[in-house]
Amino acid sequence: MTGAAPLTLPLQGGQVTLSGQGFAGATAVKFGAVDASSFTVESDGVLKATAAGVSTPGLVDVTIVTPLDSVTWKGIAFVDPTGAFAVFGVVPHVGAPGETVTLVGQGLDASGLTASLGGVSAAVGAQTFGTATLT
């Protein structure tokens, strides 16, 4: 699995589009330990799944199960719009110097948000409640 959109969902859940390869014949999709409410394989590289709601904010793994294997992707955050500022993860999880990364969490639209990666100041780009890009 190479990505997901959106990276954040409300606590009530919602639909996520997953990208990658080898999704044809998928038999299950899980958000954490919970089965997706429904899912549709649109192509070998695109799958749409509906996540059930959760009771607490946080980052969950998404697992796609096929007859040959399963693949897990980290990075879907369930967020609470009334909750405190929190960072649940960084996407991508591995990168190179100068690469753009996205913080995933809640309350990331605060004015004056500053960040550093490995002790080096990062420029904060586009911000929404659930994501902020850093370069």
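Two strands count as paired if DSSP finds at least two bridges between them. By that rule β14 and β15 of this predicted model are joined by two bridges and run antiparallel. A hairpin of three residues leads from β14 to β15.

**The hairpin and its surroundings**

β14 covers residues 124–127 and β15 covers residues 131–134, with Thr 128 in the loop between these strands. Within the pair, Val 124 stands opposite Leu 134 of β15. Thr 128 counts as partly exposed because its relative accessibility is 42%, and the range for that class lies between 20% and 50%. Leaving out residues up to four places away in sequence, Thr 128 touches Leu 108 and Asp 109.

β15 also pairs with β11 (residues 101–106), through four bridges in an antiparallel arrangement. Here Leu 103 stands opposite Ala 132 of β15.

**The five-stranded sheet**

An open sheet with mixed pairing is built from five strands in the order β2-β9-β8-β4-β5. Its edges are β2 (8–10) and β5 (34–35); each has a single partner strand, so one side of each is left without a neighbour in the sheet. Lys 30 has Asp 35 of β5 as its bridge partner.

Ala 77 is a residue of β9. Its relative accessible area is 0%, so Ala 77 is buried, the limit for that class being under 20%. Beyond its neighbours within four places in sequence, Ala 77 is in contact with Leu 7, Thr 8, Leu 9, Gly 58, Leu 59, Phe 88 and Val 104.

**The largest core**

In soluble globular proteins, nonpolar side chains tend to be buried together. The largest nonpolar core in this model holds 25 residues, and Leu 18, Val 29, Phe 31, Leu 47, Ile 64 and Ile 76 touch the most other members. At least two residues come from each of β3 (14–19), β4 (28–31), β7 (46–51), β8 (58–65) and β9 (70–79). β9 gives the most, with five residues.

Which residues does Phe 31 touch, not counting those up to four places away in sequence? They are Val 16, Ala 36, Ala 49, Thr 50, Ala 51, Val 60, Asp 61 and Val 62.

**The largest pocket**

The largest pocket contains about 150 Å³ of space. Its lining is made up of Pro 92, Val 94, Gly 95, Ala 96, Gly 98, Glu 99, Val 101, Leu 117, Val 120, Ser 121, Ala 122 and Thr 135. By class, seven of these residues are nonpolar, four are polar and one is charged. Strand β13 (residues 120–122) supplies the largest share of the lining, three residues.

**Distances between selected residues**

Two pairs relate residues discussed above to other parts of the chain.

| Pair | Separation in sequence | C-alpha to C-alpha distance |
|---|---|---|
| Thr 128 and Asp 35 | 93 residues | 28 Å |
| Ala 77 and Ala 122 | 45 residues | 22 Å |

Key:
Residues are numbered from 1 along each chain as its sequence is written. This is a predicted model: local features need pLDDT of at least 70, side-chain atom pairs count only at pLDDT 80 or more; totals for chains, interfaces and linings use all residues. Side-chain values use heavy atoms; hydrogens and water are left out. A nonpolar core is a set of buried Ala, Val, Leu, Ile, Met, Phe, Trp, Tyr and Cys residues joined through side-chain atoms within 4.5 Å. Buried means under 20% relative accessible area, exposed over 50%, partly exposed in between (1.4 Å probe, protein chains only). Contact means heavy atoms within 4.5 Å. On a 1 Å grid over the protein atoms alone, a cavity is a set of points where a 1.4 Å probe fits but cannot get out, and a pocket is an open set with protein on both sides within 12 Å along at least five of seven lines; lining residues have an atom within 4 Å of a point. Grid points are joined across faces, edges and corners, and a volume is the space filled by probe spheres set on the points. Ala, Val, Leu, Ile, Met, Phe, Trp, Tyr, Cys and Pro count as nonpolar, Asp, Glu, Lys and Arg as charged, and the others, Gly among them, as polar.
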